[in-house]
Amino acid sequence: MSEAAVATSAGGQPTVSKISEAVIRIAGNSQDGIQAIGGFMARLAGRSEQEVMTFMTIPSTISGGPSIFQVRIGSGEVLSPGDEADMLLAFYDHSYLAHLSSLKKGGIVLYDSDHLKPEAIPAENLAKYRHIGVPISSLTIEAIGGSGRDKGKNVYALGLLARMFDLNVEKLHRLLQERFTGKDPKIAETALNAFNAGYHYTLATATELFQFQPGENVGLSQVVMSGNEALAYGLIAAGVRFGAGYPITPWSDIMELLRRELPKYGGQFQQCEDELASVSMALGASWGGRVAVTGSSGPGIALKTEAIGWAVMAEMPLIVVDVQRGGPSTGMPTNIEQSDLNIAVFGGHGDCPRVVIAPASVEDCFYSAIEAVNIARKYSTPVILLTDQGIATRIEAFKEPDLRKVVQDISPDYTAVTEHKPYDLSAPDGITRHLAPGTRVASGKYPVVTGLEHDELGHPTGSPKVHLQMTAKRRNKLKKLATELPAPVVYGPPEGQVLLVSWGSAQGPVQEAVKVARAAGQAVSGLHIKYISPLPNDLDKIFEAFNHVLVVELNDEGLNGVGQFGGLLRARYADKKIRGITKSDGLTWKIREILDRIAAMTA
Amino acid sequence: MSEMAFPFAVLPRGANTNATPVAPLTEADRKPLTKKEVSADHPTWCPGCGDFSVLALYFKLIEKRRMFHEKITTVAGIGCSSRFPYFVQAHGAHFIHGRALPFASGVALSRPDLHVFVFGGDGDAFSIGGNHFTHTARKNVKLTYVVMDNNVYGLTKSQTSPTSPIGFKSKTDVWGAKDRPVNPIKQAICAGATFVARTTSTNPNHVLAMMEQAMDHDGFAFIQVLSECTEFYAGAFDHANPRKGGTFAEVPKEHDVTDEYASYRLAEDLSPGKFGVFYKTQRPTKNANEWQIIADHQAKTVGLEPWQILKKNFDRMK
């Protein structure tokens, strides 16, 4: 908790410290509604023109199981969920035991003394952290009645936090009302009662209260949402009106949202019998004239790869969302990992070039979805949007997009044409264009879309010459795309000792690591690469100015010792100074971990 | 972050950028399409293959029903019969093995102005694509599915198919097939198909009649067409061909096609079995249900541009 100034210390009253940011970890069980508390705080931060980033874990089992929600709120730039928590709100003894180590020395533990008995806390812990016990469960029952099935204690705890951090009560009241409106009016009333009871509870043992400095994003209208939501809304903004999928964590939120929202726009999302059907149905709709979406997480992407190969061969636009999770196989369904890069870039048989884009943040999910659609349309290609469990579930505040400007119309055009060859080898731009069925071709010669090697009209051919030409055509159009990609910009000076390369959700932690390292006098810079396939050209020119190029990614170093993206960069540039900073513990990067690895690798 | 490298301007609306647009064809200019106009590549099938008959009758159907050339939409998966789209001079898609139905469903659901015909074989329908057959039937997606059943894998040169009878000798069952074959008619009825018919390529008029009824059916229409593989299972359907000493027995006139159990019982013996419509019922189609959902939702957003609808959501996330 970066403290700016200690403001007041009136007699008997707790002091009030001004802080620029705080990391609060809320630990309990999955059914306690702790995601809701974190969500309220994140929304509040967004409305208070502050930056916010959250991090959550949920158990992969259906009922119960430990769960956490970490929220980092700051007046300045927030790049990562935070290494160490300033405060731990623990609902149970197991939450206390499991998460105490995430608390920084001198941090505050706010715990439910109905579950964790004060006498059970070891003296050494009392010396190291500040403990505040509140009988949250029984006070919640006292406030709102009921049998005490732990309902409402999340909102009670939110009240406690609101008092402790001097949060805007009026705005929180409004958020609570919005959240519970539409249900039984009593429920909203009960929630407000629980909140107020928590807020007015005298934190007798608290010697210090906190107040956030005003946010820097003054005047910005911010929206607060998760990465999965941003991606789904981005697809809608892009004009996607058809999707098909099969449920799998953590992709399911996207399909649920699209199923719910698309009909308002005249669109539809189909839940299919399996992953194979969903990618096939999306391809059918794409051929129908309008680029469609399918998506999944690791195991489902593996099942879709044959059809993605068809999309490459037939040159059919398609958006495939891969919300990565821990693998291989069923792996760690609710943990973060960036280990699907290889399947995204290379998955499938045959020479199968495709586009892979990895959004870096929640906001980037929204815009990347639109870009993906436009690339798929322009280059007539499948585009894989590679996000991960971390971005998918975390909540961020970002500047509200100018929807009037970005929402686009890509409705199909069935205007009749004189003649048409989809796989025209002499097309000036070298790119395939499809006619949707229903489009009249006056010459009477109609195209076929196919997975067989084909001639310019899509009819099968075994000609060695045509296979060479068509393979080159599919490759060259994406090489052309590579020339149009914006050159990535070095974060920090463009030369130095160490260049940290990131992709996807590693961007924030890497930039924060660069800041910390530079503050300590180290010549460390960062390079974030969003377009994974094709890669932008001339990365080697950036690499030249550094002694070490360390690729930071959440996957195993693998048999080749450099991680998946590191492997891709090595294959492209054959440069031994490209090495990997990898890990696969299922958790996000801590800044300290990155800095330690730099030190070890450059010693 | 909010500056996109690939905004909408990278490609304006409309896909036909390589082509010159022409004026729409007036109704008066439309004539029935001849076989010459709608045939494309010469079929890759072996001489005598039953599939020739089905293709010829598809052409006949196109001509008889005066289909608009640009609206003819032919989809197939993988197999000998699935080569169909290359032989039809019309918009066509040759998809991957077993997934023709979900692909076609994507077209049918997103394009209510088209009627999609799906052609395939027994391997595509009942083996690798078995799951899709079940679910497309139960969802009652409006399309016509014609399965040319030859009881053998022909394209890969004589392996056992899901409809190969017990005892059939193939390269993968040299001692004779042991697994109980799929009964396509029963399978379709159980899965929830709303139109289930059976015909044989050796009776052209009957094939055409079944195709016409299937096309007119508002729902998932399935036709099993016995189609002999002269190369790897010659004589498989002689018992259904009067010219080869067999019998072509139509579904009895008194059969109630809406009686699911009676239809199921009628399909008990398919050697050679009966021919005609076994089962036909009306149930809301997936297509109609989806468009109803869309209509209900759009009634609430009348007069709003897409960006305004999205803005409402974003306003709630502030």
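**Figure 1. B:Val196 stands opposite B:Tyr279 in strand E10 of chain B.** The model is predicted. The two strands in this view are E7 (residues 195-200) and E10 (residues 274-280), both of chain B. E7(B) and E10(B) pair in the antiparallel sense. Four bridges make up the pairing.

**Figure 2. Nine strands, drawn from chain A and chain B, form an open sheet.** The strand order is E18(A)-E2(B)-E1(B)-E3(B)-E4(B)-E8(B)-E7(B)-E10(B)-E9(B). Pairing in the sheet is mixed. Strand E18 (448-450) of chain A stands at one edge, and strand E9 (249-250) of chain B stands at another. Each has a single partner strand, so one side of each is left without a neighbour in the sheet.

**Figure 3. Strand E18 of chain A pairs with strand E2 of chain B.** The sense is parallel, over three bridges. A:Thr450 stands opposite B:His94 in E2(B). In the sheet order, E2(B) sits between E18(A) and E1(B).

**Figure 4. Chain B touches chain A through 67 residues.** On the chain A side, 83 residues are in contact with them. Several elements of chain B give two or more residues to this side. The helices are H3 (84-87), H4 (100-110), H6 (130-139), H10 (286-299) and H11 (306-316). Strand E2 (91-94) of chain B also belongs to this group. H4(B) supplies the largest share, eight residues. By residue class, the side of chain B that touches chain A divides into 34 nonpolar, 22 polar and eleven charged.

**Figure 5. Chain B contains eleven helices and ten strands.** The C-alpha trace of chain B spans about 75 × 45 × 45 Å along its principal axes. Chain B has 318 residues, and 47% of them count as buried. Among contacts in chain B with a separation of 6 or more, 67% join residues 24 or more positions apart.

**Figure 6. Domain 3 and domain 4 of chain A are in contact.** The domain assignment of chain A gives domain 1 (3-220), domain 2 (224-406), domain 3 (414-484) and domain 4 (490-602). The C-alpha centres of domain 3 and domain 4 of chain A lie 39 Å apart. Five residues of domain 3 of chain A meet four residues of domain 4 of chain A. On the domain 3 side of this contact, three residues are nonpolar, one is polar and one is charged.

Conventions:
Residues numbered from 1 in each chain as written. Chains lettered and ligands numbered in written order. Predicted model: local features only at pLDDT ≥ 70, side-chain atom pairs only at ≥ 80, totals over all residues. Buried ≥ 20, exposed ≤ 12 C-beta atoms within 10 Å, placed from the backbone. Contact = placed C-beta atoms within 7 Å. Domains from an automatic or database assignment. Nonpolar A, V, L, I, M, F, W, Y, C, P; charged D, E, K, R; others polar. Pairing = 2+ DSSP bridges.
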